Amino acid sequence: MRWMWLTVLVVSIAAAEDRPRLEPLAGSPAHPAGNLGTVEKIKLGEMLFFETLLSGGNRRSCSTCHKPAMLFMDGLSRAWGLHDMELRRKTPGLLNVGWQRSLFSDGRAKTLEEQASKPLENHLEMDIDPEEAAEKIRRDPAYAQLFEKVFPGEAITFDLIAKAIAAYERTLVSYDSDLDRYLLGDETALKPEAVRGMKLFEGKAGCIRCHHGPLLTDHQFHYTGVPEISGGTPDGTKHKTQSLRDAYRRSSYMHNGHFLKLRHVIEHYERGGSAPAGIPTEIEPLELSEEDKSDLVAFLLALNGRTTTTTTDPPGSSDISNAPPPKTAEGPAQDPAYLKRPR
Ligand code: HEC
Ligand code: HEC
């Protein structure tokens with residue numbers, strides 16, 4: 001008989017370990033063996049991140065959309081493209097991006113090195129052939145010197161540019177939130193409403209099923225009934241579960257920036273999404289009281305990192321031509337003050 005109890009015990013311990021749970025985050029993502037992150041490479045990657053030579057007509061850089069002062073977002077509902085037009089996706093923040101297991105809402109890039117050429121090739125983003133961009137960098141004597149130091153003896157190709165940018169992106173982190181402190185043993189770190197929100201998140205509201213681990217994501221793709229905008233992906237498309245770290249500080253939510261407030265995201269889950277009839281979603285409607293919703297927001301607020309990389313934009317880079325217009329009343333403001341906006 002005794003062996004039976006032992007089996008039960010072993011099985012239940014294994015089940016407890018498999019159960020999705022919240023975990024603290026610290027440190028920084030590992031640099032891969034093929035692209036070690038030396039100090040000089042990271043510095044070069046940072047310069048290239050702000051470099052307008054990497055775009056058609058030298059009009060924009062990665063930082064035009066991923067603004068360091070806005071936690072590498074842009075303060076808009078959706079990204080602002082070339083030719084003065086709104087794109088169909090929001091600009092995701094890049095903090096903790098080195099820990100992501102795939103990139104973009106459909107996971108089409110697997111590594112940061114692979115991702116870096118995509119915005120250049122996109123005619124609505126940076127609009128330049130990556131090798132033509134590499135040629136412009138090659139012609140710049142200052143860059144030639146820097147590359148020679150970081151990649152001695154190698155010709156400057158876009159692959160090297162991508163490596164340097166990726167090394168820089170792996171230094172962008174955000175942690176030491178109230179939740180991290182709580183999970184590391186400081187029981188006073190979470191306010192009572194945030195603790196109630198956490199219990200809902202892990203319990204009745206079922207958020208933990210997809211948002212768990214140190215980044216609060218399962219790194220998978222799900223259809224949660226987010227309304228698609230016209231010309232966007234078809235209804236029923238699965239999107240990457242987003243990390244919820246610093247969620248409170250974002251200016252819009254979901255792949256297409258459909259919601260502007262966390263409360264609206266929670267109400268979306270409460271109704272079980274807004275999928276058109278006949279398209280099944282992976283979430284069920286929830287019963288949440290007004291207090292439950294405020295508690296969930298309080299929990300999400302406790303995910304704001306204190307340790308965040310916020311290098312400031314170098315002078316002049318914020319007024320690159322073709323910058324988006326200031327947002328009107330219905331959208332978030334362009335001013336970093338939006339970070340403090342009540343939700
Ligand atoms: C026009 C604005 C714009 C520019 C310029 C831009 N991005 Fe992005 N970036 C976006 C948008 C929008 C997405 C989301 C696209 C998607 O999910 O399909 C994105 C996604 C990303 C992602 C994936 C993040 C994730 O969590 O999956 C990374 C990494 C990234 N960009 C880095 C860069 C780099 C590096 C550059 C410069 C070489 C750059 N971006 C230039 C708007 C921009
Ligand atoms: C079935 C898996 C699943 C469950 C359960 C789930 N989510 Fe999500 N969540 C996702 C996916 C997938 C996305 C990205 C959707 C998109 O980009 O359109 C997302 C996005 C979000 C976002 C937006 C992040 C951003 O910056 O755009 C928030 C906030 C969020 N979820 C909170 C919650 C909360 C709170 C709950 C519980 C009430 C919950 N989620 C339950 C899968 C899930």
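1. Helix H11 (residues 262-270) is the largest contributor to the shell around ligand 2, giving 4 residues; helices here are DSSP runs of H or I with at least four residues, numbered from the N terminus. The model is a predicted one, in which local features need pLDDT of at least 70, side-chain atom pairs count only at pLDDT 80 or more, and totals for chains, interfaces and linings use all residues. Residues are numbered from 1 along each chain as its sequence is written, while chains are lettered from A and ligands numbered from 1 in the order in which they are written.

2. Ligand 2 is surrounded by 26 residues, of which Cys207, Cys210, Tyr253, Met254 and His255 are the closest (near: C-beta atom, placed from the backbone, within 6 Å). The shell comprises 14 nonpolar, 9 polar and 3 charged residues (nonpolar: Ala, Val, Leu, Ile, Met, Phe, Trp, Tyr, Cys and Pro; charged: Asp, Glu, Lys and Arg; polar: the others, Gly among them).

3. Around ligand 1 there are 26 residues, with Cys62, Cys65, Ala79, Ser105 and Pro119 nearest. Helices H3 (62-65) and H4 (112-115) each provide at least two residues of this shell, and H3 has the largest share, 3 residues. By class, the shell around ligand 1 holds 15 nonpolar, 8 polar and 3 charged residues.

4. The axes of helix H10 (residues 192-202) and helix H12 (residues 290-301) come within 7 Å and cross at roughly 100 degrees (axes: lines fitted to C-alpha atoms over the stretch in contact; angles: 0 to 180 degrees between N-to-C directions). H10 and H12 are therefore roughly perpendicular (65 to 115 degrees). The residues of the H10 contact with H12 divide into 7 nonpolar, 2 polar and 4 charged.

Technical notes:
Parallel < 35°, antiparallel > 145°, perpendicular 65-115°, else oblique.
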